[in-house]
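Here is a chain to walk through, helix by helix.

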Amino acid sequence: MRTQQNSFKDSEIHPLNSLDEWEEAVLQRYPDPDSIAKDRSADQYRNYETPERDTVREFYRLNHTYQTYDFVQEKRAAYLQFNKKEMPVWEAFDFLNQLVDDSDPDTDLDQFQHLLQTSEAIRADGHPDWMVLTGLMHDMGKVLCLFGEPQWAVVGDTFPVGCAYSDKIVYPEFFRNNPDFNNPVYQTPTGVYEPGCGLRNVHMSWGHDEYMYQMMKDYLPEQGLYMLRYHSFYAWHREGAYSELLDGHDREMLRWVKLFNPYDLYSKCPVPPDWKQLRSYYEDLVAKYLPATLKF
Ligand SMILES: [Fe+2]
Ligand SMILES: [Fe+2]
């Protein structure tokens, strides 16, 4: 069967120079309030004033055009069997690190560094060890790119499919190109879902968040699972949209998703943590919660 993915042109698969370009755009949208307050972030200010690069705009155009309800079902069927690859956790980090930034290999940290900086910032603030592990694992799902998925089906702000799009999602105008936009069943506020059904019953646009949640769901506490599953759902955790879909449990978990987000966005530091010193702590942490191998 010819999959939808195979019919994409190369420019429709990789509009960004690297996956980090999306995260930089998110950082421009939600700059670090501490850095602003302390006026330590002249660079961030400058970025914030700079219009987003066309590559980012194009990335969102593709994401909003092609992330349909049916596309999400197709990807869930393809990936949630976890029959693609099996690796020890530490090998999986090496695998993830094959994702390199072609445009600027010297200045960007590799994927593992982002994960380690996130987890170290969480640890430094004294949070529970499962949250440190959540930080370490949260972007592992980006390996979807290495399985041939287009960038817009791996990263990007996530949003519910099967119901109306919130105008709180960045570049909402691009949803007009999405075939679901013309399906009246999908365009009421709750669409195919029951009001107040809870996010666990809602299908989100496909990407690294849902994939990682599904991979980790037997191993981390509920709060950590919400962090994994919804960390890119900015329209919810930053903008307060989609209240008609939420239940009490979502509202309770929101504070954990909000607690996690600054560690994801603001933990980049120019001096990488010393892995040699940290290694044994993380080996113990991984062994405490995770099985010997992970199934992808
Ligand atoms: Fe992420
Ligand atoms: Fe991240």
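The largest nonpolar core of this predicted model holds 66 residues. Met212 and Met216 have the most contacts inside it. In soluble globular proteins, nonpolar side chains tend to be buried together.

Take Met212. Set aside its neighbours within four places in sequence. What remains in contact with Met212 is Met137, His138, Met140, Gly141 and Leu228.

Helix H10 spans 208-216, and helix H11 covers residues 222-230. H10 and H11 pack at an angle of about 150 degrees. Their axes are 6 Å apart. An angle over 145 degrees counts as roughly antiparallel, so that is how H10 and H11 run relative to each other. On the H10 side, the contact is made by Asp209, Glu210, Met212, Tyr213 and Met216. H11 supplies Leu225, Leu228, Arg229 and Tyr230. By class, this contact of H10 with H11 has six nonpolar and three charged residues, and no polar ones. Both core methionines, Met212 and Met216, take part in the contact.

H10 also has a partner in helix H6, residues 69-79. Which residues of H6 are buried? They are Tyr69, Val72, Lys75 and Tyr79. Seen down the axis of H6, these buried residues fall within an arc of 125 degrees, so they line one face of the helix. An α-helix has 3.6 residues a turn, so residues three or four places apart point the same way. The buried residues of H6 pack against H10. On the other side of H6, Asp70 and Ala77 are exposed.

Now turn to another pair. Helix H2 runs over residues 20-29, and helix H5 over residues 54-66. In H2, the buried residues are Asp20, Glu21, Trp22 and Ala25. They pack against H5. How are the two helices set against each other? H2 and H5 pack at an angle of about 100 degrees, with their axes 10 Å apart. Angles of 65 to 115 degrees count as roughly perpendicular, and H2 and H5 are therefore roughly perpendicular to each other. From H2, Glu21, Trp22 and Ala25 make the contact. From H5 come Thr55, Val56 and Phe59. The residues of this contact of H2 with H5 divide into four nonpolar, one polar and one charged.

Two packing geometries, then: H10 and H11 are roughly antiparallel, whereas H2 and H5 are roughly perpendicular.

Definitions and conventions:
Residues are numbered from 1 along each chain as its sequence is written. Chains are lettered from A and ligands numbered from 1 in the order in which they are written. This is a predicted model: local features need pLDDT of at least 70, side-chain atom pairs count only at pLDDT 80 or more; totals for chains, interfaces and linings use all residues. A residue is buried if 20 or more other C-beta atoms lie within 10 Å of its own, exposed if 12 or fewer, and partly exposed in between; C-beta atoms are placed from the backbone. Helices (H or I, at least four residues) and strands (E, at least two) are DSSP runs, numbered from the N terminus. The arc is that of the directions from the helix axis to the C-beta atoms. Two residues are in contact if their C-beta atoms, placed from the backbone, lie within 7 Å. Axes are lines fitted to C-alpha atoms, for helices over the stretch in contact, and angles run from 0 to 180 degrees between N-to-C directions. Angles under 35 degrees count as roughly parallel, over 145 as roughly antiparallel, 65 to 115 as roughly perpendicular and the rest as oblique. Ala, Val, Leu, Ile, Met, Phe, Trp, Tyr, Cys and Pro count as nonpolar, Asp, Glu, Lys and Arg as charged, and the others, Gly among them, as polar. A nonpolar core is a set of buried Ala, Val, Leu, Ile, Met, Phe, Trp, Tyr and Cys residues joined through C-beta atoms within 7 Å.
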